[in-house]
Amino acid sequence: AMEMKAVSAGKLRALGYDAGARTLRVEFDDRRIVEYAGVPPETWRRLSTAGSMWSCFRDTIEDEFTARRVK
């Protein structure tokens, strides 16, 4: 199972990343869980250390990677 880290940034509530699969998992404040495929480790590093995680997510993830809703 992917380890999720709780966050509170905009609509983000938790983030997880699988480097082997290059998959980012995001839990939103409405309990939706979405996975983004093909996210490079560098992009994950940038997101997970961003001062404004929500802005960073919207700018670098949301429209750039294929989303698949898992819950």
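Modeller: Let us start with burial: a residue is called buried when its relative accessible area is under 20%, and exposed when that area is over 50%. Please keep in mind that this is a predicted model.

Biologist: Is V7 buried or exposed by that cut-off?

Modeller: V7 has a relative accessibility of 12%, and therefore counts as buried. The residue lies in strand β1, and, leaving aside residues up to four places away in sequence, V7 touches L12, R13, A14, L15 and M53.

Biologist: M53 brings us to helix α2, which spans residues 53-62; which of the residues in α2 are buried?

Modeller: The general idea is that an α-helix has 3.6 residues a turn, so residues three or four places apart point the same way. In α2, the buried residues are M53, W54, C56, F57, T60 and I61. Because they cover an arc of only 155 degrees around the axis, they sit on the same side of α2.

Biologist: What do the buried residues of α2 pack against?

Modeller: Their packing partners are the strands β1, β2, β3 and β4, together with helix α1. Of these, β4 is itself mostly covered, with four of its five residues buried.

Biologist: Which strands does β4 pair with?

Modeller: β4 runs antiparallel to β3, to which five bridges join it, and β4 also pairs with β5 in the antiparallel sense over three bridges. Y36 in β4 is the bridge partner of L24, and Y36 also stands opposite A67 in β5. Between β3 and β4, which form a hairpin, there are four residues, and R31 in this turn has a positive phi of about 75 degrees.

Terms used: Residues numbered from 1 in each chain as written. Predicted model: local features only at pLDDT ≥ 70, side-chain atom pairs only at ≥ 80, totals over all residues. Heavy atoms only, no water. Buried < 20%, exposed > 50% of the residue type's maximum accessible area, 1.4 Å probe, protein only. Helix = DSSP H or I, 4+ residues; strand = E, 2+ residues; numbered from the N terminus. Arc of directions from axis to C-beta. Contact = heavy atoms within 4.5 Å. Pairing = 2+ DSSP bridges.
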